[in-house]
Amino acid sequence: MIELRGVTYCYPGASAPALEDVSVHIIRGKVYGIVGANKAGKSTLCYALTGFIPHFFHGKLDGQLWLAGRDVRIQSLASLAGLTGLVFQNPFNQISGARFSVREEIAFGLENLGVPTREMHSRVEQALITTGLRELADRSPYQLSGGQQQRLAIASMLVMQPDALVLDEPTSQLDPIGTRDVFDVLHRLAEERDTAVVIATHKLEWLATCADEVLLLHQGQVLHKGPPREVLSRRDAAELGVRSTSYTLAARALSEQVKELRSPLPVTLEQALDALR
Amino acid sequence: MRRPTLFLPRESSLHALHPLTKLVGSGLFLLLALMLPEYWQVVLLFILGLLPLAYLGKVARPFLRTTTGLILPFAMSLFLIQGFFAPGEILLVSLGPFALKAEGVMLAVRFTTRLLVWLGTTTLLMLITRPDHMMQALMERGLPRQVAYIVLTSLQIIPRFQQQAQIILDAQRSRGLETEGGLFHRIRMLVPLVTPLILGSILELEERAIALEARAFSRAGARTTYTQLEDSVTQRTLRYGLLAVLVLTAAVWIAARLAG
């Protein structure tokens, strides 16, 4: 679905690359996590996965980027629209500003894609239900709380049914219940709709429960990739700016006494309970 | 946050009209106010034309409140400027070196009544028409969508801008910034208010542009609309009829003025 081969990217005017020799292969129906310290290159990788690098942020790019079999470098950004969706941290800036209700805001992207009105209505209703915004459908997008706006941003993207959905800190303004709901939705999206979902987040407890693969970024390089348990339980994770989940920390503290907890350490509650049983 | 538009949702026959029908009707009121020679005729146009329509649209009270709020400052300045400074012979009141003349007052009355109908018409149009529906109707007639986008976002972003300014002002005050005082002091205090506001907005621009691109805003090709604007043959006929009347009346009036 998305493939980056040996991608090195430098923002205009920057002396050091934000991404260095990154190779990633994203396939449909799987959930990927991107973790790393601040400035590790997580957002830059999200932009590269959606074609905003090189088309929006110009800079210097080496390597190959493929999106749904198309060479991103020779396609226009407009022609890639709808293939991938991007949700980023600040939901307020993702509101179009040109629509006066949540319902119409969600439909904005579909209008631009030329989706027939009847189909648009059913897709919007489905997105409202999926993101729990049905009760707020007729409100102004500007009257929503930060968390509700974040769900609106996600609804506005998933209604476009992209082949891949890339989310950069999509739950930063959500409480634990809201966060759980969003991760549930994303997990279902991958399972039921065969969408590739990529999530850059610091909320590792949630990521660990739903990701199939985690990429650990450090200074623009993918240092480790693999199943969440393998990557997130690494002893050197803290040195790379990635904190351990509370279950890993608890297991690490107990591992002297309980040898079943030693390797690999659990990263989710389920895994911790399994190891202790 | 302050409401971004004047529009008031109501179940009324006026609300149900196609936005372009309302626009053409408004054009007729604007033209009539310009054409009617006597001020009392213009007042009658307001009382017998706009006011019943505002009742029909179930927005009479906000219509009167908004129109009065808008007309009063204009009326006062027109009376003062025209009354005292327009040339005239008939002296009404003398205040030292200033003289209030009947001709000036009459001129002010003419301007004010016209302005009353113009402001009233625009207010009524905005009270009964959703701005996005108006833009959609105009886009369907060829208005570039970028223009419609700018108009609509401005409506929603200006109140947000005010809200942001208030947040910054409160934040600066909480850090001990003195915002009260004389005029010069207040002007100086604008710097710590305006700088973060402008810089913040510039930074937001990039994310807004990305968000629009992600939602296929610049995609070429046909677009569809979520909302279908209600229209009918009767209404379309009425609209074109009104438009013809409007254009003909304007043409005759302009020709008459040029000739006379």
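Me: Which residues does A:Ala48 touch, not counting residues up to four places away in sequence?
Reply: This is a predicted model. In it, A:Ala48 touches A:Leu4, A:Val7, A:Tyr9, A:Leu19, A:Ile53 and A:Leu65.

Me: And which residues of the largest nonpolar core touch the most other members?
Reply: A:Ala48 is one of them.

Me: What other core lies apart from it?
Reply: One of 20 residues. Among them are B:Phe7, B:Ala33, B:Leu45 and B:Leu53.

Me: New topic. How many residues of chain A are in contact with chain B?
Reply: 31 residues of chain A, and they meet 31 residues of chain B.

Me: Which element of chain A gives the largest share of that side?
Reply: α4(A), with seven residues. Elements that each supply at least two residues are α3 (77-80), β6 (84-87), α4 (102-113) and α5 (117-130) of chain A.

Me: How does that side of chain A split by class?
Reply: There are 16 nonpolar, 12 polar and three charged residues.

Me: Now chain B. At what angle do helices α6 and α7 cross?
Reply: At roughly 170°. The axes of α6 (residues 131-140) and α7 (residues 145-174) come within 10 Å.

Me: Parallel or antiparallel, then?
Reply: Roughly antiparallel, because angles over 145 degrees count that way.

Me: Which residues meet there?
Reply: From α6(B), B:Pro131, B:Asp132, B:Met135, B:Leu138 and B:Met139. From α7(B), B:Arg145, B:Ala148, B:Val151, B:Leu152 and B:Leu155.

Me: How many of those are nonpolar, polar or charged?
Reply: Eight are nonpolar, none polar and two charged.

How values were computed
Residues numbered from 1 in each chain as written. Chains lettered and ligands numbered in written order. Predicted model: local features only at pLDDT ≥ 70, side-chain atom pairs only at ≥ 80, totals over all residues. Core = buried A, V, L, I, M, F, W, Y, C linked by C-beta atoms within 7 Å. Buried ≥ 20, exposed ≤ 12 C-beta atoms within 10 Å, placed from the backbone. Contact = placed C-beta atoms within 7 Å. Helix = DSSP H or I, 4+ residues; strand = E, 2+ residues; numbered from the N terminus. Nonpolar A, V, L, I, M, F, W, Y, C, P; charged D, E, K, R; others polar. Axes fitted to C-alpha atoms, helices over the stretch in contact; angles between N-to-C directions. Parallel < 35°, antiparallel > 145°, perpendicular 65-115°, else oblique.
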